[in-house]
Amino acid sequence: IANRIALPSVHPAFVLRVEGWHPVLLKDVMRAVRWVKEGPIKCEDNVKYVTCSTPTALKRALAQLGSTVAVDVETKGTEAMTTGLKCVGISDGVRTVVAYPYRRAMARELDRAFRKRTVVTHNGPQFDQIVLGVRGIRIPKHEDTLIAHHAFVSNLPAGLDQVVSEYVDASPWKYLSKNRRVGDKKLASWAADGEELCEYNAKDV
């Protein structure tokens, strides 16, 4: 902003009046201190990813992932039981794979890959797991960051962007995506396609 770096946080007066926001302010202040001492903060969501468009390529890529993976889906709409599936992102924190465009033949490879791994989602039981389950992709061993977030700090916003900002350094990728415009129209993240959608999915996962 005006050739200055802005590291936003909550207003200190808000922290004094509303219980539970102190850890967020503390984390933000520590980020600012790190910036002053070490220079620019490296965003952890700037990840390299591999796009797999065939079941064979997906099988090879999934075989390289570790025993715990994060999974996120991008769909054509918001009705989990009926919406179309556009892509599936899978990451072990080191390697990230995006199955795009999703094809029915990929279900077998995803189901097999998730069988012996711990799968981490955000709001998975309410959406991602349903979307995948309709396609025969099962997740036997599961953890969910939204459920964990409710257990630790249920008073704070529960969106993925908020939860991520509390624990890691990331760009405001959700905000930028939600405010994407074509002409005078604002487009939802699921309206994206191609490389733009894959990059968004890779950041989510």
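**A mixed sheet and its helices**

In this predicted model, six strands form an open sheet: 6 strands in the order β1-β4-β3-β2-β5-β6, with mixed pairing. The edges of the sheet are taken by β1 (50-52) and β6 (141-144); each has a single partner strand, so one side of each is left without a neighbour in the sheet. On average, and with direction ignored, neighbouring strands are turned by 25° against each other.

Strands of a sheet pair through backbone hydrogen bonds, either parallel or antiparallel. Strand β2 (residues 68-75) and strand β3 (residues 85-91) pair in the antiparallel sense, over 6 bridges. Glu 74 stands opposite Cys 87 in β3. Helix α5 (residues 124-134) packs on the sheet, where it touches β2, β3, β5 (118-121) and β6, and its direction makes about 80° with that of β2. Helix α6 (residues 145-153) also packs on the sheet, touching β5 and β6, with its direction at about 50° to that of β6.

Helices also pack on one another. Helix α2 (residues 22-38) meets helix α7 (residues 160-167) at an angle of about 60°, with their axes 9 Å apart. The two helices are therefore oblique to each other. To this contact α2 contributes Val 24, Lys 27 and Arg 31, while α7 contributes Gln 162, Ser 165, Glu 166 and Tyr 167. These residues divide into 2 nonpolar, 2 polar and 3 charged.

Helix α1 (residues 12-17) contains Val 15. Val 15 has a relative accessible area of 13% and is therefore buried. Leaving aside neighbours within four places in sequence, Val 15 is in contact with Val 10, Trp 21, His 22 and Leu 25. Val 15 and Leu 25 lie 10 residues apart in sequence and 7.5 Å apart in space, C-alpha to C-alpha.

How values were computed:
Residues numbered from 1 in each chain as written. Predicted model: local features only at pLDDT ≥ 70, side-chain atom pairs only at ≥ 80, totals over all residues. Heavy atoms only, no water. Axes fitted to C-alpha atoms, helices over the stretch in contact; angles between N-to-C directions. Helix = DSSP H or I, 4+ residues; strand = E, 2+ residues; numbered from the N terminus. Parallel < 35°, antiparallel > 145°, perpendicular 65-115°, else oblique. Contact = heavy atoms within 4.5 Å. Nonpolar A, V, L, I, M, F, W, Y, C, P; charged D, E, K, R; others polar. Buried < 20%, exposed > 50% of the residue type's maximum accessible area, 1.4 Å probe, protein only. Pairing = 2+ DSSP bridges.
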